[in-house]
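User: I'm new to looking at protein models. Could you walk me through how to read this one, feature by feature?

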Amino acid sequence: LARVVEAYRKFRNTLRYLASNLYDFDPAANRLGPASLQEVDRYILSLYGATAHAGIQAYDSYDYPAIFQRLNQFLTVDLSAFYADVSKDRLYTLAAASPERRSAQTAMYVMAEGLARLLAPILPVTADELWRYLPSAASREPSVHLALFPKDAAAFADAAIDERWTRLRGIRDEVNRALETARQEKIIGTSLQAHVRFTAGGNAAALLTRYEADLPMLFIVSQ
């Protein structure tokens, strides 16, 4: 029971994070098209699309453990521990209507609306509360239990973006280990006090050069 409570708390807190960042988002006016999204947002939507597609297949097979495992992996590891962490600066410090912030909000709206549908059979009350709280509630079914599973989730899949950002997340793990060592040695207090210098060659150097402008956001450092 304790493990179930902890899993539910993580689900609910992550969904609350998505919903709370949509307070000034109107899907009809502010939603961006796929080509206008930041690549990190396209990446998380690609992971969401794969999760939703696998979840729907598992529902068709009545494989409820598989549904929970895929949603748990996505919500706690990909969405909470990674995407929410690297998106906070865009959401909290950039101009309200900036393209970068609207891009993050677009991804969050798509995921929150789709996750409400996917979680409805498992967490009926929480999913319905989320459904009624999301923007433009009047234009959707009055209850998530009258809505269908997301039909277009698989369209978000992008294998090339997945491959590049999986490699970037691997580098991020190495940077986080170095930052944690610096914290323990009292060299820095938070990661934003850090300047990270890379020495790399070959494919790693090409990848880091390509995403040089995104690295401070990815590692949550000053430079």
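User: Let's start with the largest nonpolar core. Which residues touch the most other members?

Analyst: First the general idea: in soluble globular proteins, nonpolar side chains tend to be buried together. Keep in mind that this is a predicted model. Its largest nonpolar core has 65 residues, and those touching the most other members are Tyr 48, Leu 79, Tyr 83, Met 111, Leu 115 and Trp 165. Two or more core residues come from each of helix H1 (2–20), helix H3 (39–60), helix H4 (64–93), helix H5 (99–119), helix H6 (124–133), helix H7 (159–184), helix H8 (202–210) and helix H9 (215–219). H5 gives the largest share, eleven residues.

User: Can we zoom in on one member? What does Tyr 48 touch, leaving out residues up to four places away in sequence?

Analyst: With those sequence neighbours left out, Tyr 48 touches Phe 74, Val 110, Met 111, Gly 114, Leu 115, Leu 118, Pro 150, Ala 153 and Phe 156.

User: On to the rings. How many aromatic pairs does a search of the whole structure find?

Analyst: Ten aromatic pairs turn up. When you read a pair, look at the ring centres and at the angle between the planes. Take Tyr 43 and Phe 82: their centres are 6.1 Å apart and their planes are at 80°, so the pair counts as edge-to-face, for which the angle must be over 60 degrees. Tyr 43 sits in helix H3 and Phe 82 in helix H4, 39 residues apart, and their pair links distant parts of the chain. Both Tyr 43 and Phe 82 are buried.

Another pair is Tyr 48 with Phe 74, which is tilted, with 6.3 Å centre to centre and 50° between the planes. This pair also links distant parts of the chain, with Tyr 48 in helix H3 and Phe 74 in helix H4, 26 residues apart. Tyr 48 and Phe 74 are both buried.

User: Which residues form one aromatic cluster with Tyr 43?

Analyst: Tyr 43 forms one cluster with Phe 82, Trp 165 and Tyr 211. Charges can sit over rings too: the charged end of Arg 169 is over the ring of Phe 82, 4.4 Å from its centre. Elsewhere, Arg 140 lies over the face of Trp 131, 4.6 Å from the ring centre.

User: Last one: helix packing. At roughly what angle do the axes of H7 and H8 cross?

Analyst: Two packed helices are described by the angle between their axes and the distance between the axes. Here the axes of H7 and H8 cross at roughly 100° and come within 11 Å. That makes H7 roughly perpendicular to H8. At the meeting place, H7 brings Arg 164, Arg 167, Leu 168 and Ile 171, while H8 brings Asn 203, Ala 204, Leu 207, Leu 208 and Arg 210.

User: Is Arg 164 buried or exposed?

Analyst: Arg 164 counts as buried, because its relative accessibility is 15%. Residues up to four places away in sequence aside, Arg 164 touches Glu 39, Leu 207, Arg 210 and Tyr 211.

Definitions and conventions. Residues numbered from 1 in each chain as written. Predicted model: local features only at pLDDT ≥ 70, side-chain atom pairs only at ≥ 80, totals over all residues. Heavy atoms only, no water. Core = buried A, V, L, I, M, F, W, Y, C linked by side-chain atoms within 4.5 Å. Buried < 20%, exposed > 50% of the residue type's maximum accessible area, 1.4 Å probe, protein only. Helix = DSSP H or I, 4+ residues; strand = E, 2+ residues; numbered from the N terminus. Contact = heavy atoms within 4.5 Å. Phe/Tyr/Trp six-rings, centres within 6.5 Å; stacked < 30°, edge-to-face > 60°. Lys NZ or Arg CZ within 6 Å of the ring centre and 35° of its normal. Axes fitted to C-alpha atoms, helices over the stretch in contact; angles between N-to-C directions. Parallel < 35°, antiparallel > 145°, perpendicular 65-115°, else oblique.
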